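This report covers selected residues, salt bridges, strand pairings and surface patches. The sequence and structure come first, and the notes follow.

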Amino acid sequence: VVYTQSEILQREVYLFERLDSPNREPMKHLKAICFLRPTKENVELLVQELRRPKYSIYFIYFSNVISKSDVKALAEADEQEVVAEVQEFYGDYIAVNPHVFSLNLLGCCRGRSWDPAQLTRTTQGLTALLLSLKKCPMIRYQLSSEPAKRLAECVKQVITKEYELFDFRRTEVPPLLLILDRSDDAITPLLNQWTYQAMVHELLGINNNRIDLSRVPGISKDLREVVLSAENDEFYANNMYLNFAEIGTNIKNLMEDFQRRKPKEQQKLESIADMKAFVENYPQFKKMSGTVSKHVTVVGELSRLVAERNLLEVSEVEQELACQNDHSSALQSVRRLLQSPRLSELDAARLVMLYALRYERHASSGLPGLLEELRARGGSDRYRKLVSAVVEYGGKRVRGSDLFSPKDAVAITKQFLKGLKGIENVYTQHQPLLQETLDQLIKGKLKDSQYPYLGPNTLRDRPQDIIVFLIGGATYEEALTVFNLNRSNPGVRIVLGGTTIHNTRR
């Protein structure tokens with residue numbers, strides 16, 4: 001995710017091995033750089049390695065804080081004195097976008113409480129992030145969530161215990177860590193997306209920047225898996241937050257630009273200068289041809305899925321469920337779509353889930369009928385069970401915030417104006433709850449009664465450095481929200497993290 005193999009090769013690193021791969025040959029002419037998480041298993045493997053070293057000299061970097069007793073165990077194993085240095089280099093998390101990180105953890109809670117192993121891992125990931133950004137923050141958490149409080153306390157414990165590591169130069173306004181719970185907004189991960197990055201994750205799935213295209217009809221061998229990374233793909237960097245209509249236009253321009261630069265087939269390479277010019281331009285040409293074929297394939301597949309699954313119509317109904325309050329119209333729309341043979345199992349379940357979350361307490365709720373129709377579609381029982389599981393997870397009983405009702409006249413007017421902005425906004429009316437939470441936080445209006453501080457101190461000024469962490473996973477729609485907030489609030493820097501990055505399937 002952070003560094004490509006070709007970038008590492010440029011630094012003269014020629015061999016990549018895993019510490020746990022069994023039959024590595026000894027290569028005493030090589031030096032080894034080890035980059036490891038400081039887990040019990042890794043320390044044990046490293047101890048065995050140092051007892052019988054395969055390389056001439058070892059530089060060991062741990063991605064997080066390592067205990068003194070582990071360092072002692074390593075020192076005792078290093079009888080041949082091959083270790084040149086041991087350092088902590090904090091990087092115990094996945095850097096997804098410049099302002100988004102993930103821990104790649106699925107299923108961090110059992111019911112309403114943490115899985116202990118996942119709590120430990122999340123605490124480590126979050127403290128490593130703080131150390132790598134050199135922040136010693138004040139902590140606020142969502143009061144309605146027990147896991148949020150637990151995580152806040154665990155992070156605070158590490159900061160107290162490792163106080164020397166966290167002794168950074170004080171800033172005028174201390175940084176703020178805000179810990180939230182996904183269950184407060186189960187709507188956002190259930191919606192279809194229409195900006196490039198979010199849409200790719202929703203329809204194809206992004207896994208550590210990799211996209212699996214092996215299921216695309218007639219795909220060529222070298223495009224079965226592609227990498228989408230803003231670090232080394234300019235087109236992706238410029239388009240990841242644009243909506244689908246704009247991307248179509250930009251792909252067309254990219255193609256035309258490529259056609260213009262194509263070395264003319266009939267171009268005669270007569271002089272040495274001709275050949276030299278051709279060879280010099282060839283790498284850029286090759287790189288560009290790779291970019292073009294990759295994005296044309298990805299966007300082509302997105303279009304195919306949108307048409308095949310009738311997603312424009314599905315998305316319109318989802319947005320109606322998420323943003324408007326008209327029960328009978330919503331129920332009719334969902335029923336109509338459930339009758340369509342083109343609707344996939346996943347999309348059918350998703351609509352019923354959104355309806356259940358939106359109208360769970362409505363006097364004339366049509367949920368039993370909708371669940372019956374889900375069953376009549378011949379699908380598995382699994383989806384019907386999932387509907388009640390989603391309500392159990394993110395229903396009204398659990399939420400600490402008011403997910404649906406506009407708060408006041410101003411908010412209602414805003415919603416109305418947003419609705420007038422033209423047709424494309426039918427599909428992008430929804431704003432995640434995070435938008436409002438962060439907006440309140442930046443203005444200094446986030447209620448202490450709902451999001452208390454951990455410990456006696458509170459922030460007197462408006463925060464400038466904000467790290468938001470979502471237990472139970474963030475989404476690329478929220479990443480877009482944070483990107484826009486960073487752009488429209490100079491002087492405020494927000495980083496978003498989650499135990500994972502969700503799409504509906506996850």
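Ser388 is partly exposed because its relative accessibility is 47%; buried means under 20% relative accessible area, exposed over 50%, and partly exposed in between, with a 1.4 Å probe and protein chains only. The residue is found in helix α14 (residues 381-394), where helices (H or I, at least four residues) and strands (E, at least two) are DSSP runs numbered from the N terminus. Ser388 and Ala356 are 32 residues apart along the chain, and their C-alpha atoms are separated by 8.1 Å.

Asp461 is placed in the loop between α16 (433-442) and β13 (465-471). With a relative accessible area of 43%, Asp461 is also partly exposed. From Asp461 to Val482 the C-alpha to C-alpha distance is 21 Å, for a sequence separation of 21 residues.

## Basis of the values

This is a predicted model, in which local features need pLDDT of at least 70 and side-chain atom pairs count only at pLDDT 80 or more, while totals for chains, interfaces and linings use all residues. Residues are numbered from 1 along each chain as its sequence is written, and side-chain values use heavy atoms, with hydrogens and water left out.

## Salt bridges between separate parts of the chain

The structure holds 26 salt bridges, a salt bridge being a side-chain nitrogen of Lys or Arg within 4 Å of a carboxyl oxygen of Asp or Glu. Side chains of opposite charge can pair when their charged atoms come close. One of the bridges joins Arg24 and Glu49, at 2.6 Å from N to O. Arg24 lies in the loop between α1 (5-10) and β1 (31-36) and Glu49 in helix α2 (residues 40-51), so this bridge ties together parts that are 25 residues apart in sequence. Both Arg24 and Glu49 are buried.

Another salt bridge is formed by the side chains of Asp233 and Lys294, at 2.9 Å from N to O. Because Asp233 lies in the loop between β12 (225-227) and α7 (234-239) and Lys294 in helix α9 (residues 272-308), the pair ties together parts that are 61 residues apart in sequence. Asp233 counts as buried at 4% relative accessibility, and Lys294 counts as buried at 14%.

## A bridge within a helix, and a network

Arg375 and Glu372 form a salt bridge in which the closest N and O atoms are 3.7 Å apart. The two residues are three apart in helix α13 (residues 367-376), so about one helical turn separates them. Arg375 is partly exposed at 43% relative accessibility, and Glu372 is partly exposed at 41%.

Elsewhere, salt bridges that share partners join Glu202, Arg309, Glu318, Asp347 and Arg350 into one network.

## Strand pairing

Three strands form an open sheet in the order β10-β11-β12, with antiparallel pairing; two strands pair if DSSP finds at least two bridges between them. The edge strands are β10 (206-207) and β12, each of which pairs on one side only. Two bridges join β10 to the antiparallel strand β11 (residues 210-212). Ile206 has Ile211 in β11 as its bridge partner.

Strands β4 (residues 94-97) and β5 (residues 100-102) pair in the antiparallel sense over three bridges. They form a hairpin with two residues between them. The bridge partner of Ile94 in β5 is Ser102.

## Surface patches

Patches are made of residues with over 30% relative accessible area and no salt bridge; like charges are joined within 9 Å, and nonpolar side chains (Val, Leu, Ile, Met, Phe, Trp, Tyr) within 5 Å. Accessible areas come from the Shrake-Rupley method with a 1.4 Å probe, and for residues only the protein chains shown count as cover. Leu9, Tyr14, Leu15 and Phe16 make a nonpolar surface patch of about 390 Å². Leu15 sits in the loop between α1 and β1 and is partly exposed, with a relative accessible area of 37%.

A positive surface patch is formed by Arg112, Arg361, Lys396 and Arg397. Lys and Arg count as positive and Asp and Glu as negative, whereas His and the chain ends are not counted; the place of a charge is taken as NZ of Lys, CZ of Arg, CG of Asp or CD of Glu. Arg112 lies in the loop between β6 (109-110) and β7 (113-114), and at 40% relative accessibility Arg112 counts as partly exposed.
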